[in-house]
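Subject: Structure handover

Hello,

Here is the structure you will be taking over. My notes on what turned up follow below it.

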Amino acid sequence: MKPISIVLAEDHHVVRQGLRALLATESDFTVVGEAASGLEVADLVERLEPDILVVDFVMPGLNAPDIVRRALRVSPKTRALVLSMHANPAYVVEAMQSGAAGYVLKGSSAAELVRAIRAVAEGARHLSPPLSEAMVEAYAQRAI
């Protein structure tokens with residue numbers, strides 16, 4: 001089975017190193033690239049065409065929704081997973097409307113992130129608890 005290729009987009013070096021180390025423990029994951037600014041991500045994704053883009057919501061240059069839109073335009077097969085400290089439904093809705101397939105809170109466990117990456121790689125959507133599809137849908141309807 002081909003490993004799941006991943007690009008990490010996170011502006012904090014120590015967090016990016018931690019994510020890389022965590023993901024390296026999974027035999028079916030391979031981190032193929034890293035970006036520290038939002039402006040770097042689309043070029044990296046276009047060149048590497050990863051299965052998964054794990055992107056921090058708040059990045060220098062561009063935030064996750066803009067990064068996701070650009071990345072998916074240059075690599076349509078790539079699936080995006082937003083990693084964020086923000087549980088606010090407005091952020092979640094904005095990320096999902098940009099094309100992200102999942103949204104994981106930074107307060108989640110390592111196992112939750114691994115589950116999310118696998119789910120998104122298999123074509124599913126993933127929202128971290130306490131987020132729910134119903135909550136996000138209700139917020140999106142109110143925002144219209």
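A pocket here is an open set of grid points with protein on both sides within 12 Å along at least five of seven lines, and its lining residues have an atom within 4 Å of a point. Please keep in mind that this is a predicted model.

On that definition, the lining of the largest pocket consists of M1, K2, P3, I4, D28, D51, I52, K77, R79, R118, A121 and E122. Sorted by class, 7 of these are charged, 5 are nonpolar and none is polar. The space in this pocket comes to about 170 Å³.

Beyond its neighbours within four places in sequence, I67 contacts G38, V41, L53, V55, M59 and L62.

D56 is part of strand β3. With a relative accessible area of 6%, D56 counts as buried, because the cut-off is under 20%. Its side chain makes a polar contact with the side chain of K106, at 3.3 Å. Apart from neighbours within four places in sequence, D56 is in contact with A9, E10, D11, A64, L83 and K106.

Regards

Notes: Residues are numbered from 1 along each chain as its sequence is written. This is a predicted model: local features need pLDDT of at least 70, side-chain atom pairs count only at pLDDT 80 or more; totals for chains, interfaces and linings use all residues. Side-chain values use heavy atoms; hydrogens and water are left out. Contact means heavy atoms within 4.5 Å. Helices (H or I, at least four residues) and strands (E, at least two) are DSSP runs, numbered from the N terminus. Buried means under 20% relative accessible area, exposed over 50%, partly exposed in between (1.4 Å probe, protein chains only). A polar contact is a pair of N or O atoms within 3.5 Å; within protein, one must be able to donate a hydrogen and the other to accept it, and residues adjacent in sequence count only if both atoms are side-chain atoms. On a 1 Å grid over the protein atoms alone, a cavity is a set of points where a 1.4 Å probe fits but cannot get out, and a pocket is an open set with protein on both sides within 12 Å along at least five of seven lines; lining residues have an atom within 4 Å of a point. Grid points are joined across faces, edges and corners, and a volume is the space filled by probe spheres set on the points. Ala, Val, Leu, Ile, Met, Phe, Trp, Tyr, Cys and Pro count as nonpolar, Asp, Glu, Lys and Arg as charged, and the others, Gly among them, as polar.
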